[in-house]
Amino acid sequence: MRKILIALAASALLAGCGTAGTDSATGAGAPSVTITGPANNADVAGTFPLEFTTSEEIGPPESGKHHVHVFTDGHTDDYTVVTASPFQIAGLPPGKHTVGVTLQNADHSPAGASAEITVNVTEGGGQTPEPTQSSGDGY
């Protein structure tokens, strides 16, 4: 009986070590994007730097490299194409807001990675937002 339990435990352990999160064609891990600043639930001014890291090299879409879409408050169709970190967020009114990022392929299709934080804008909010590139202008 003990040998059966050990065999089942080993089998379960091996199943858990499968290729989840790995590109089976290349062996590389799944694409990722992580917001590194500000911290989740941080108090921020009306303009603040959003810092992130990605597992993929990013650049302008026309370069063929990945890029990041940055959006706020769940408005994924109103995003800014971002090709470097940090990126300045501006124009959010005081209060709680979500800031999201998605890693995109050069053709703007999802690369399968996203991250989101909540921030509390405490001062200087409500400024005129910076110009953005959104899905309405070909991005």
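His-97 is found in strand β7. The model described here is predicted.

**The histidine site**

Is His-97 buried or exposed? His-97 counts as buried, because its relative accessibility is 8% and the cut-off for burial is under 20%. Its side chain has a polar partner. That partner is the side chain of Asp-73, at 2.9 Å. Leaving aside neighbours within four places in sequence, His-97 is in contact with Asp-73, Leu-92, Ile-117, Thr-118, Val-119 and Val-121.

Gly-74 sits in the loop between β4 and β5. Gly-74 is partly exposed, with a relative accessible area of 46%. In sequence, Gly-74 and Gly-100 are 26 residues apart. In space, their C-alpha atoms are 7.4 Å apart.

**Overall layout**

The protein has one helix and eight strands. From the N terminus the order is α-β-β-β-β-β-β-β-β. Of its 139 residues, 32% count as buried. Contacts reach across the sequence: among those between residues at least 6 apart, 62% join residues at least 24 apart.

**The five-stranded sheet**

Which strands make up the open sheet, and in what order? Five strands form it, running β2-β8-β7-β4-β5, with mixed pairing. β2 and β5 (80-82) are the edge strands, and each pairs on one side only. From one strand to the next the twist averages 40°. Strands of a sheet pair through backbone hydrogen bonds, either parallel or antiparallel.

β2 and β8 run parallel and are joined by four bridges. Here Asp-43 stands opposite Asn-120 in β8. β7 and β8 run antiparallel, with 10 bridges between them. In this pair Leu-103 stands opposite Ala-113 in β8. The hairpin of β7 and β8 has five residues between the strands. In that hairpin, His-108 takes a positive phi near 75°. β4 also pairs with β7, in the antiparallel sense, over six bridges. Val-70 has Val-101 in β7 as its bridge partner.

β1 pairs with β3 in the antiparallel sense. β3 also pairs with β6, again in the antiparallel sense. Ile-35 stands opposite Phe-52 in β3. Leu-50 stands opposite Phe-87 in β6. The table sets out the bridge counts for the pairings described.

| Strand pair | Sense | Bridges |
|---|---|---|
| β2 and β8 | parallel | four bridges |
| β7 and β8 | antiparallel | 10 bridges |
| β4 and β7 | antiparallel | six bridges |
| β1 and β3 | antiparallel | four bridges |
| β3 and β6 | antiparallel | three bridges |

**The nonpolar core**

In soluble globular proteins, nonpolar side chains tend to be buried together. In this model, the largest nonpolar core has 23 residues. Which residues have the most contacts inside it? They are Leu-50, Val-68, Val-70, Ile-89, Val-99 and Val-101. Two of these names have already come up as bridge partners: Val-70 is paired with Val-101 in β7.

Several elements supply the core. Those that give two or more residues are β1 (33-37), β2 (42-45), β3 (48-54), β4 (67-72), β6 (87-89), β7 (95-104) and β8 (110-123). The largest share, six residues, comes from β8.

Leu-50 shows how the parts meet. Beyond neighbours within four places in sequence, its contacts include Ile-35, Gly-37 and Pro-38. Leu-50 also touches Ser-85, Pro-86, Phe-87 and Ile-89. Val-70, Val-99, Val-101 and Ile-117 complete its list of contacts.

**Confidence**

How confident is the prediction overall? The average pLDDT is 78, and 68% of the residues score at least 70. Over residues 1-27 the pLDDT is below 50. Beyond near neighbours in sequence, that stretch has eight contacts in the model. Over residues 127-139 the pLDDT stays under 50 as well. For residues 127-139 the model has 26 contacts beyond four places in sequence.

Definitions and conventions:
Residues numbered from 1 in each chain as written. Predicted model: local features only at pLDDT ≥ 70, side-chain atom pairs only at ≥ 80, totals over all residues. Heavy atoms only, no water. pLDDT = per-residue confidence, 0-100. Contact = heavy atoms within 4.5 Å. Core = buried A, V, L, I, M, F, W, Y, C linked by side-chain atoms within 4.5 Å. Buried < 20%, exposed > 50% of the residue type's maximum accessible area, 1.4 Å probe, protein only. Pairing = 2+ DSSP bridges. Axes fitted to C-alpha atoms, helices over the stretch in contact; angles between N-to-C directions. Polar contact = N/O pair within 3.5 Å; in protein donor to acceptor, adjacent residues only side chain to side chain.
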